[in-house]
Structure formats: structure tokens, C-alpha cells
Amino acid sequence: MNKILVTGGTGYIGSHTVVELFNAGYTPVIVDNLSNSNIKILDQIERIIGVRPEFHQLDLCDENKTREFVRSQSGITGVIHFAASKAVGESVADPLKYYHNNFFSLLNLLNSYRDTPVNFVFSSSCTVYGEPDTLPVTESAPVKKATSPYGNTKQIAEEILSETALAYNNYNIIALRYFNPVGAHDTALIGELPNGVPQNLLPFITQTAIGKREKLTVFGNDYDTPDGSCIRDYIHVVDLAKAHVAAINLLEKGNPNGRYDVFNIGTGNGYSVIEAISAFEKAAGQKLNYTFGPRREGDIIKVWGDVTKSSKELNWTAQLGIDEMMASAWAWEKYLKDNPIL
Ligand code: NAD
Ligand code: WQD
């Protein structure tokens, strides 16, 4: 079966996608520089699928090594490009790190495939919509000016990719706009490994419940939403991983929409922070220590996706709901406590 190159394949979403690619009959080949992941994730993947995936430690910002690597490979028909720096706050403090890593890695990869037909799936984000004017937000909604260098890298990367697909005929590209990925594999052998104090809601909830953090602060309960807290479209990471397999499948068949396309990847349902906490408490069977605090600067108030296009054209819909997201995130946090080696 076809080989698929997974950049950032030892990271959070990449590792789950490696598992789903394998389950779908593809042969995943991982490259990662391990700047935000742990090599032991390879052992964990092997424990899930029974095979050790091919792994290459490579910094995609190294142009020569990236070109040499691509030339040395045969049989790769598709690339799923996860590798990037992703912390919004850090991108504000250190924008050059984000522009350097996220653009050089993308450009080196695209240039390395300049003479080869390739199906290319890119990790984009609902951050491109900013605060949408209409909900659920569709793929045709305007892209709003980014509020962080990280968000800007996703917007500009989408432009780079659409112009690349238009100008050269060897690239067939899909950008997936993820909503909020959460949860972990149902074996609890892989999941999110946040670096330092988590900035995202779910790892902060699970780390609080396990006792690593004293309490969660809900950032604002006076927004114009039913319970006053912000609303997001949380998507189970295993469903998200399967969306990448669906995107590769569509590109392999030939996408009737042309050589560049974008899809929303969410459940289509919005949950408030307070609803997410309640769902966690139910799944974990314990109360969470939380308090209400001030709004977080720059937060989007409410966003959830219209997933009609991905359902019809990608032939993909999310199967797992908020209860599975919370239960799997909690099982993973407990696994990490018992297996601190990770
Ligand atoms: P992650 O940090 O867990 O995974 C990214 C992986 O890429 C890491 O293993 C890291 O070591 C690797 N990497 C980074 N720079 C590299 C380079 N120059 N060369 C080789 N490897 C490199 O992040 P994730 O949550 O799995 O996110 C994957 C992608 O999805 C990213 O592009 C991210 O921006 C995007 N995304 C993530 C979210 C989210 O909330 N997690 C939401 C929307 C989009
Ligand atoms: C979710 C909700 C917070 C932490 C960020 C990036 C975005 C995307 C996903 C990649 C919000 C609230 C959080 C806490 C809280 N990544 N919250 N207390 O804001 O949707 O987006 O991650 O592309 O680009 O900006 O996700 O998990 O940070 O927050 O109350 O300690 O939880 O205010 O309402 P967000 P998040």
C-alpha cells in the first residue's frame, strides 16, 4: 500500500494519524525533529499497531537535508504536514521563531517535491476565522486578520499552498481547518504531552484533576453566551486523525474540486467552558477545583464549524462526542501519572 510521509508524526495529532493511516492500510513514514515530542511515542505507537513505523529524525528547516531525505525515499505518494510550532502565547513573545519554523519547514518540503507528483495535506486551524460573523462558520467565511504570529503563519501558509497548487500542476493540496482537538487514543497509550504549564483548556483540566495544578481558572463568565463562558467546537483527536486519512483518500482518487481545497474539521457542536467542565466531571466521576477569573485577552467568544462540506465531499464525520473526549483525556492523564517515563 502507498507510503504516506507524516511530518511531526511523533507529536499529538501526528501520532494518532500514524495509527489511523496504518489501520486504513497505508504505510506511514515519520519525520520529526523531536523539538516538541518524545521518541518514546514510537514505542507507544508500536504497542498499538504491532509494527514499529519508519522514523527519521530531521529538522525540516534544514533545506539540504530535507531535499536529500525526499530524494532518498521511494514510493511516497502523500505528505501530511503537521510539523510546526503551535503555542499562541509563545508566538507573540517570539514571533521570529514561529515565522522561521513554520515557513521554512513548509517551503523546504514543498520545494523538495517540486518535480514529483504529490498529495499534500496541511494542518490549518479555525483560528483563520477569528471571531466569525455567522455561526456555524463555513469554509467560505472571510479569513480575518490574525491576532497572533502563530495564527498568521496558518493564514499565510494557506495562501502559499493555494498559489502553489495554482501555479504548478504536480501538487494536489488539502488544508484541514481543525477546531479544538482534544482527547486521546482509547488505549491511553498516546495523547497530548503539553510542554510546561498548559495554555489549552483540556490539559489544564486533566492536570488539575490529577493534582499537578491547584485549580483551573475559567477565563471570563460575562460573555454574551448562554452561561457567560466562551464556546468552542471540541473534536476528538481520533476523529481528527481519521479526517486526514479521508483527505488522503480523496486526493488519491482525484479531488473533483481541483488542486487546492479546504475543509472544516469539527463536530459542528459548540460547548461552553462550563459545559466542558461538567462533561469532564461526569466522565471522571469527580468534582474539578475551578474558579472564575477575568477574560483572557484576545479570546474568541464563540466558534463552531459547519461540517456539511467535509461530510459530503470528504465522506468524513466525527463519531465521538464530548463524553468520549473527556473520558479518553482523563484515562491518558492517569496513564501518564503511572508511567512518568513519558
Ligand atoms: P505537536 O507539537 O504535538 O506536534 C508537532 C510536531 O512537529 C512535534 O512532534 C515537533 O517535534 C515537530 N516539529 C516541529 N517543528 C519541526 C521541524 N522544523 N522539523 C521537524 N519536526 C518538527 O502539535 P500538534 O498539536 O500535534 O499539532 C500538529 C499541527 O496541527 C501543527 O501544525 C499545529 O499548528 C496544528 N494545529 C494544532 C491544533 C491544536 O490545538 N493542537 C489546532 C489547530 C492546528
Ligand atoms: C478554550 C477555551 C479559553 C484555558 C487555541 C489557539 C488556537 C487553536 C486551539 C491551533 C477558551 C478557555 C482555557 C484555561 C479557560 N490552536 N480556557 N481556562 O482559545 O480555542 O484556541 O488553541 O491552531 O489557535 O488560540 O483553545 O484550549 O486555549 O481555550 O477558561 O486555563 O477554554 O478562554 O474559551 P482556543 P484553548
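**Entry 1**

I searched the whole structure and found one cavity of 30 Å³ or more. On a 1 Å grid over the protein atoms alone, a cavity is a set of points where a 1.4 Å probe fits but cannot get out. Grid points are joined across faces, edges and corners, and a volume is the space filled by probe spheres set on the points.

A note on the source: this is a predicted model, where local features need pLDDT of at least 70, side-chain atom pairs count only at pLDDT 80 or more, and totals for chains, interfaces and linings use all residues. Residues are numbered from 1 along each chain as its sequence is written, chains are lettered from A and ligands numbered from 1 in the order in which they are written, and side-chain values use heavy atoms, with hydrogens and water left out.

The volume of the largest cavity came out at about 50 Å³. I listed its lining (residues with an atom within 4 Å of a point): Ala84, Asn102, Phe103, Phe122, Thr153, Lys154 and Ala157. Helix α6 gives the most, three residues. Helices and strands here are DSSP runs numbered from the N terminus (helices H or I, at least four residues; strands E, at least two).

**Entry 1: the second largest pocket**

Next I looked at an open space. A pocket is an open set of points with protein on both sides within 12 Å along at least five of seven lines. The second largest pocket holds about 240 Å³ of space. It has 20 lining residues, and Glu192, Pro194, Trp332, Glu333 and Leu336 are the closest to its centre. Both α7 and α11 supply at least two residues of this lining. Sorted by class, I got twelve nonpolar, four polar and four charged residues. For that sorting, Ala, Val, Leu, Ile, Met, Phe, Trp, Tyr, Cys and Pro are nonpolar, Asp, Glu, Lys and Arg are charged, and the others, Gly among them, are polar.

Is glutamate 333 buried or exposed? It counts as buried because its relative accessible area is 5%, and buried means under 20% (1.4 Å probe, protein chains only). I placed it in helix α11, residues 322–338. Its side chain makes a polar contact with the side chain of threonine 206 at 2.7 Å. That term means a pair of N or O atoms within 3.5 Å; within protein, one must be able to donate a hydrogen and the other to accept it, and residues adjacent in sequence count only if both atoms are side-chain atoms.

Glutamine 207 sits in helix α7. At 4% relative accessibility, it is buried too. Its side chain has a polar contact with the side chain of arginine 213, at 2.8 Å. Not counting residues up to four places away in sequence, glutamine 207 touches Pro194, Pro198, Lys212, Arg213 and Glu333. Contact means heavy atoms within 4.5 Å.

**Entry 2: helix α9**

I checked the span of α9, residues 273–284. The expected span is 1.5 Å times one less than the number of residues. Its twelve residues should span 16 Å, and the end C-alpha atoms are 16 Å apart, so the two agree. Among its buried residues are Val273, Ile274, Phe280 and Glu281. The cover over the buried residues includes α7, β8 and α11. Just after α9, glycine 285 takes a positive phi of about 65 degrees.

**Entry 3: Val137**

Last, I found valine 137 in the loop between β5 and α6. It counts as buried, at 1% relative accessibility. Leaving aside neighbours within four places in sequence, its contacts include Tyr129, Phe179 and Trp304.

Methods. Buried means under 20% relative accessible area, exposed over 50%, partly exposed in between (1.4 Å probe, protein chains only).
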